[in-house]
Amino acid sequence: MRTANPTLNDRTFNKQRAATGKRTMTLQGTVNRVFILLFLLMATAYYTWNLYAAGEPVGIYIWVGIIGSLIFALITAFVPKAAPVTAPVYAALEGLFIGAISAQYASLYEGIVVQAALLTIMTLFGLLIIYKLRIIKVTKNFRMGVMAATLGIFLVYLVDIVLRVFTSSMHVPLLHESSLLGIGISLFIVAIAALNLVLDFDFIERASNRGVPKHMEWYGAFGLVVTLVWLYIEMLRLLAKLRSR
């Protein structure tokens, strides 16, 4: 029951087993909380989007969104019982960043945000259908392969961030380029982000049958939203590369 998403792993759910007689996590309850988190994210994203459209500076909102969402994501990951509070705060802060960065992309490429959002939604429901039909079997080797690829991508991004912070022009080669190889790299990253959704579906379904406490619905929803945000951003980056050609 491993998953590449670091916020959803078997050890976490094993530690959170509910006592007999208490309300437990359900699949429907987790889905409901996913919609709540997405609503909060889109509400704050709409706010910063309008600020950018009005010509107001949004740089502070980008940094507040990035740093704030990271802090609350870490709190949620290490203290699952706090998820009913920290997960909504994370979603709201993440929305500040998503709205601002989406508006910036939209100013460069008309219609790109709608395209990225639709592709993300289509990928979500497409993979959900594939998962429910058991077309993709979530085996141990499948999980380990996605985990390894996700970790590799994380390390590449970490190196890229360090280079950009401590140098003025250096970055990981091809990661931001619109060459055919650069587009291929983005396609690979999008594919890995999408496969993380399959692992999240599998994990949430199994966890809902394990008798874990009710607050884990928020935790499971949080983990899924983390993957969706990643997938949406990667869709934006891929489309921007394609448009630039």
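Me: Is Arg-134 buried, partly exposed or exposed?
Reply: This is a predicted model, and the relative accessibility of Arg-134 in it is 41%. Buried would need under 20% and exposed over 50%. Arg-134 therefore counts as partly exposed.

Me: Where is Arg-134 placed, and what is its phi?
Reply: Arg-134 is in the loop between α5 (112–132) and α6 (140–166). Arg-134 is not a glycine, yet its phi is positive, at about 60 degrees.

Me: How are helix α4 and helix α8 oriented to each other?
Reply: The axes of α4 (residues 83–108) and α8 (residues 216–244) come within 10 Å and cross at roughly 10 degrees. Angles under 35 degrees count as roughly parallel. The two helices, α4 and α8, are therefore roughly parallel.

Me: Which residues make that contact, and how many are nonpolar, polar and charged?
Reply: On α4 the contact includes Pro-84, Tyr-90, Phe-97 and Tyr-105. On α8, Trp-218, Phe-222, Ile-233 and Arg-237 are among them. By class, the contact of α4 with α8 has two charged residues, one polar and 18 nonpolar.

Me: Which side chain of opposite charge is nearest to Lys-241, and how far away is it?
Reply: Lys-241 belongs to helix α8 and is buried. A salt bridge would need a distance within 4 Å, and Lys-241 has none. Leaving aside neighbours within four places in sequence, its contacts include Leu-174, His-176, Glu-177 and Ser-186. The nearest side chain of opposite charge is Glu-234, at 7.2 Å.

How values were computed:
Residues are numbered from 1 along each chain as its sequence is written. This is a predicted model: local features need pLDDT of at least 70, side-chain atom pairs count only at pLDDT 80 or more; totals for chains, interfaces and linings use all residues. Side-chain values use heavy atoms; hydrogens and water are left out. Axes are lines fitted to C-alpha atoms, for helices over the stretch in contact, and angles run from 0 to 180 degrees between N-to-C directions. Helices (H or I, at least four residues) and strands (E, at least two) are DSSP runs, numbered from the N terminus. Angles under 35 degrees count as roughly parallel, over 145 as roughly antiparallel, 65 to 115 as roughly perpendicular and the rest as oblique. Contact means heavy atoms within 4.5 Å. Ala, Val, Leu, Ile, Met, Phe, Trp, Tyr, Cys and Pro count as nonpolar, Asp, Glu, Lys and Arg as charged, and the others, Gly among them, as polar. Buried means under 20% relative accessible area, exposed over 50%, partly exposed in between (1.4 Å probe, protein chains only). Lys and Arg count as positive and Asp and Glu as negative; His and the chain ends are not counted.
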